[in-house]
Amino acid sequence: MTLALVLAITALVLIIAVITAGSAAKLARLDGATYPAAFTRAAVAFTAVITLAAAITGAFAAILK
């Protein structure tokens with residue numbers, strides 16, 4: 001796997017994580033949450049996406065090894 005492909009995939013995962021976090025924050029605010037609560041929900045969503053990506057990467061690495 002080339003460095004360019006790894007960087008492109010990393011950038012894509014980060015973009016998806018940021019979009020997910022922003023969506024979670026917006027939905028929380030529409031639900032009436034305060035700004036700190038919305039920020040907390042956004043952080044949890046961002047962390048969940050990054051954790052899921054790491055778990056999938058680890059599983060693929062174990063299978064393809």
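**Entry 1: Thr40**

I began with Thr40 and found this residue in helix H2. I was working on a predicted model. Is Thr40 buried, exposed or partly exposed? I read a relative accessibility of 47%. Exposed would need over 50%, so Thr40 counts as partly exposed. Then I checked a distance along the molecule. Thr40 and Leu5 are 35 residues apart along the chain. Their C-alpha atoms are separated by 32 Å.

**Entry 2: Arg41**

I moved on to Arg41, which also has its place in helix H2. I noted a relative accessibility of 41%. That lies between the 20% and 50% limits, so I put Arg41 down as partly exposed. Which residues does Arg41 contact, leaving aside neighbours within four places in sequence? I listed Ala24, Ala28, Asp31 and Ala33. I also looked up Ile16, 25 residues from Arg41 along the chain. The two C-alpha atoms are separated by 16 Å.

**Entry 3: Thr20**

Next I turned to helix H1, which covers residues 3–30 and holds Thr20. The relative accessible area of Thr20 is 29%. Buried would mean under 20%, so I logged Thr20 as partly exposed. I skipped residues up to four places away and looked for what Thr20 touches. I found Ala45 and Val49. Helix H2 runs over 35–64. I then took Ala4, 16 residues from Thr20 in sequence. From C-alpha to C-alpha, the two are 24 Å apart in space.

**Entry 4: the largest pocket**

I went looking for open space. How much space lies in the largest pocket? I noted about 290 Å³. Two elements give two or more residues to its lining, H1 and helix H2. Among the lining residues I saw Met1, Val6, Ile9, Thr10, Val13 and Leu14. I also saw Ile50, Ala53, Ile56, Thr57 and Phe60 there. I got nine nonpolar residues, two polar and no charged.

**Entry 5: Ile56**

Ile56 is found in helix H2. I read 39% relative accessibility, so Ile56 counts as partly exposed. Where does Ile56 stand relative to Leu12? The pair are 44 residues apart in sequence. In space I noted 15 Å, C-alpha to C-alpha.

**Entry 6: rings**

Last, I checked the rings. How many aromatic pairs does a search of the whole structure find? The search gave zero. I did find a charge over a ring, with Arg29 lying over the face of Tyr35. I wrote down 3.8 Å from the ring centre for Arg29.

Note on methods. Residues numbered from 1 in each chain as written. Predicted model: local features only at pLDDT ≥ 70, side-chain atom pairs only at ≥ 80, totals over all residues. Heavy atoms only, no water. Helix = DSSP H or I, 4+ residues; strand = E, 2+ residues; numbered from the N terminus. Buried < 20%, exposed > 50% of the residue type's maximum accessible area, 1.4 Å probe, protein only. Contact = heavy atoms within 4.5 Å. 1 Å grid on protein atoms, 1.4 Å probe; cavity = no way out; pocket = protein on both sides within 12 Å on 5 of 7 lines; lining within 4 Å. Points joined across faces, edges and corners; volume = space filled by probe spheres on them. Nonpolar A, V, L, I, M, F, W, Y, C, P; charged D, E, K, R; others polar. Phe/Tyr/Trp six-rings, centres within 6.5 Å; stacked < 30°, edge-to-face > 60°. Lys NZ or Arg CZ within 6 Å of the ring centre and 35° of its normal.
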